[in-house]
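Thank you all for coming; please look at the sequence and the model on the screen while I talk through a few of the contacts.

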Protein chains: 4
Amino acid sequence: MARTVEDVAPNDRSTHYPAGHIKVREALISLLKVKDFNSITWAEIAQTAGVNEALIYKYFRSKRGLLHTVLHEYLEDFLEGLDYSLKGIKGSLNKLRKIAWYQIDLYNREHVFSKILLIEVRNNKAYFQSKTYDSVRRFSRRILDIIDEGIQNGEIRDDIPPKHIRQIFLGAIEHVCLPSVIYDRDLAPDAATESVCNILFDGLRKNAD
Amino acid sequence: MARTVEDVAPNDRSTHYPAGHIKVREALISLLKVKDFNSITWAEIAQTAGVNEALIYKYFRSKRGLLHTVLHEYLEDFLEGLDYSLKGIKGSLNKLRKIAWYQIDLYNREHVFSKILLIEVRNNKAYFQSKTYDSVRRFSRRILDIIDEGIQNGEIRDDIPPKHIRQIFLGAIEHVCLPSVIYDRDLAPDAATESVCNILFDGLRKNAD
Amino acid sequence: MARTVEDVAPNDRSTHYPAGHIKVREALISLLKVKDFNSITWAEIAQTAGVNEALIYKYFRSKRGLLHTVLHEYLEDFLEGLDYSLKGIKGSLNKLRKIAWYQIDLYNREHVFSKILLIEVRNNKAYFQSKTYDSVRRFSRRILDIIDEGIQNGEIRDDIPPKHIRQIFLGAIEHVCLPSVIYDRDLAPDAATESVCNILFDGLRKNAD
Amino acid sequence: MARTVEDVAPNDRSTHYPAGHIKVREALISLLKVKDFNSITWAEIAQTAGVNEALIYKYFRSKRGLLHTVLHEYLEDFLEGLDYSLKGIKGSLNKLRKIAWYQIDLYNREHVFSKILLIEVRNNKAYFQSKTYDSVRRFSRRILDIIDEGIQNGEIRDDIPPKHIRQIFLGAIEHVCLPSVIYDRDLAPDAATESVCNILFDGLRKNAD
DNA sequence: CATGAATGAGTGTTCATTCAT
DNA sequence: TATGAATGAACACTCATTCAT
């Protein structure tokens, strides 16, 4: 429902949830667009959702629990869409470029979630035990696989540890997107992707030197 | 109050304030280094400062009031130091380079304040009526003056509105510093200044094309 | 329902109840061994029993209702066992001695129930309308009958009101058991029974003086 | 104010406390006479005391904190009175007899506190870190000193460890008082003291055998 | 200048209970 | 017989703020 990617791939997950569950999640999302997580109260969420406070607690064990559920679902949607749009792409660097575009585009379209993901959540140690972090790890793992694959087939140089490459890649994307996310400014995903990839890929290619 | 800029010397502003006033401000600063503003409580500040809660309230009408007082003072110190270190520099671009370095260095040294300034405070509309914003405006005005001066003496091209130039200049600095500030990473001020100025100044010079 | 007292055999009462009913009661019992009644919640009971919360509510109108149902059943078991083990005993004092032993032994084996019975439940006026209290009354009545019988056949002096005798008898037992029950200490039933009976029976016998 | 002992010895401790502090303590005490601690709520205490809920929290950090403050003060009063009434008594056994009487009399007069002390509080592990427990320990220590003194001057046999003696002494008192405390029955302090001391002291005397 | 006492309005969370299916 | 969804009212605890002194 909250599908955001260009080319479909359905998920009907939402239909399995009771009405209250959905309404609460939607309420949180709409509130996050207006104010930051910490200043959103149980009462506000309940009122916005039109349900009882206790119900929220029953579905999501705590306020952070609710946040992470929403975040997790959002990330899972992202990952599904990413998988789907990676189909048919050949070459590790091409895949990475697609990923870069995909992520930048997401950051650009979803400032609210991105802000939470980029700032709010990282300071909380509970984050690293959350489902949210599981999704992030899956995403991270996927990138590493692609890099490994590129190294194996000779597309990417093998003298830099794959994890470093990943870190630089993700760091570059983040670096480019952070200001627009934080200051709610628009960003041209195509141009930004170009910038990131042009700079990095030359240095990554096997015959780079 | 106006510090004698000639001979540096730490400002004596503080001596005009009652003991409690100073202790409270110092308490907030030390707390900000440990936890974020929203989760700092009146009681904590009072306890850290060793004064009565009611006293804080008497001096600073609200928590945000206290924050802005501290921020304002901090910015004023920054501006004073900037004025001082701008002395004897000739050329608008040279001055701008100095400003860039000075600001980047500050962001780099003071993550706590920078984070508040860069993120926390801007979302609050009260900010734009605050003394903090006055300081920011003064700083902003100063840059505009330098740009105007550069245009007038032919150092800077005159076909771009000065305010645009200022916006790009400050945006570039911010852009470079934001990730380090947010993720508490170190940044090399010299290199960062070079990056910013190299990219911008070529495009700004009158005979640029 | 009325158990065939001849051949002991565990009561079949349970089979008349639906599965959920039994599971709930068992859940409460197992929880009572771990924590005190007031801090046990509906949800906990339901989860432990593996049934829906609403179901518990349907069977037992309130938490206290459930408690009393369990207590009642427990006491009925006690009474049945007592009846059975009283068979074949001749003499009122001998019967009373048996009762003393039986009750002390129970207190000693079942601290959880005993504590509830001895402390928790008595402060609640609803107790006196409960099925639990019915059982207690039946037990109490049975003792009175034995005392009456003893007076009639000349075994017990007739110058003390039978109800006083009963009160003293039960009070003595309680007095002896209370500390062990409350502080979860072990008690030797044989010795305790001796103490109680030695002291009381000399004073009770017709030719006592 | 809450002085309870026969012969004075003043404590004006209460006058040092603000009105709210006193009112809250008194409110808790009066509520404890009606219902058990767990079912007393913040709101009830506040309402009974006629003060704001937050004030209670400010003075006593938690509900248990409040309970222990009250209990502690009550015990300190007891200890003060005990010290005072022990003056001029010669002989260890005479002192112990006085202590027995004093404690039994207290249990008898203050069922509410006694019940809490004897039952409620011991199940809570926090109790052993509380000020309440400090007082209990002081009392306990005092008894040990008297026993030691008795052993040294030959009044008490030296073949039983003093700590055992203390344990038996306190256990006997507790055993005698527990039922009356729990069932809110009256107890004759003089007779109870006689019972306890008659039984124990014969066995304790040096030339006992 | 500084403080202790006091408060109103929330905070997230938990509970026993009800109802439609 | 059994359940999932939903709720009202309360829970202990916290907060920024005010006032008399």
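Around DNA strand F there are 34 residues, and the closest of them are Gly20(A), Ala54(A), Ala54(B), Ala54(C) and Ala54(D), where a residue is near a strand if its C-beta atom, placed from the backbone, lies within 6 Å of it. This is a predicted model, in which local features need pLDDT of at least 70 and side-chain atom pairs count only at pLDDT 80 or more, while totals for chains, interfaces and linings use all residues. Residues are numbered from 1 along each chain as its sequence is written, with chains lettered from A and ligands numbered from 1 in the order in which they are written.

By class, the surface near DNA strand F has 18 nonpolar, eight polar and eight charged residues; here Ala, Val, Leu, Ile, Met, Phe, Trp, Tyr, Cys and Pro count as nonpolar, Asp, Glu, Lys and Arg as charged, and the others, Gly among them, as polar.

Turning to DNA strand E, 34 residues lie around it, and Ala54(A), Ala54(B), Ala54(C), Gly20(D) and Ala54(D) come nearest. The surface near DNA strand E divides into 18 nonpolar, eight polar and eight charged residues.

What about the protein chains themselves: how many residues of chain A are in contact with chain B? Seven residues of chain A are in contact with seven of chain B, contact meaning that the C-beta atoms of two residues, placed from the backbone, lie within 7 Å. On the side of chain A that touches chain B, four residues are nonpolar, two polar and one charged.

Finally, seven residues of chain D are in contact with seven residues of chain C.
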